[in-house]
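Open your viewer and keep the selection tool handy. We will go through the fold one stop at a time.

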Amino acid sequence: GISRVYVASDDASVPALFADALPHLNIVSADSLNLYREVLQDMDKTKHEWTENRLRTGSIDRGQLLRSTLLDIEILSRAAVLVGHFASNLSRLAYSLAVTYSPSGVVPFISVDGAWCYHWQMCCDIDEGGLSNMCS
């Protein structure tokens, strides 16, 4: 069974929500592991702005954001089960890497917003052969 959950979020309050809702699990996050704390603190100051705008204005450090993003992707790609926002390219990349790393080529996943799809949009009308239409 699963005993530890890594929560990747740019919202520092999210891991505590998981810990409250799932007290039987060990919830870990970048903050609890003391990873890239400065990025999380900088992101929290401007949390109502798009990341692209924060980078443009210099309110977050590009290098720290890159390292933290790559670390999240790597940790998520090593998960036994991936729960993600599959409209997000980061979640989709983490899942694609997880499948690559898996000896069986199969990794259980749960999408919080729709089916995983190989193209940048969400899949709709998925047939038994795996073909689909893009959602509109």
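Begin with D61 and G63, and show the side chain of D61. In this predicted model, D61 caps the N-terminal end of helix α4, with a side-chain oxygen 3.1 Å from the backbone nitrogen of G63.

Now select residues 62-77, the whole of α4.

Next, color α4 by burial. Which residues of α4 are buried? They are L65, S68, D72, I73, L76 and S77. Look down the axis of α4: these buried residues fall within an arc of 160°, so they line one face of the helix. An α-helix has 3.6 residues a turn, so residues three or four places apart point the same way. Turn to the other side of α4 and you will find L66, R67 and L70 exposed.

From here, follow I73 and L76 into the largest nonpolar core. This core has 11 residues, so select the other members as well: Y6, V28, A30, L82, F86, A94, Y95, A98 and V107. Helices α4 and α5 (89-101) each supply at least two residues, and α5 gives the most, with three.

For the last stop, select strands β1 (residues 4-7) and β2 (residues 26-29). The two run parallel and are joined by four bridges. Zoom in on V7, which stands opposite S29 in β2. Then trace the chain from β1 through helix α1 (residues 14-21) to β2: this β-α-β crossover is right-handed.

Technical notes: Residues numbered from 1 in each chain as written. Predicted model: local features only at pLDDT ≥ 70, side-chain atom pairs only at ≥ 80, totals over all residues. Heavy atoms only, no water. Expected span 1.5 Å × (residues − 1). Buried < 20%, exposed > 50% of the residue type's maximum accessible area, 1.4 Å probe, protein only. Arc of directions from axis to C-beta. Polar contact = N/O pair within 3.5 Å; in protein donor to acceptor, adjacent residues only side chain to side chain. Pairing = 2+ DSSP bridges. Right-handed = clockwise from strand over helix to strand, strands pointing away. Core = buried A, V, L, I, M, F, W, Y, C linked by side-chain atoms within 4.5 Å.
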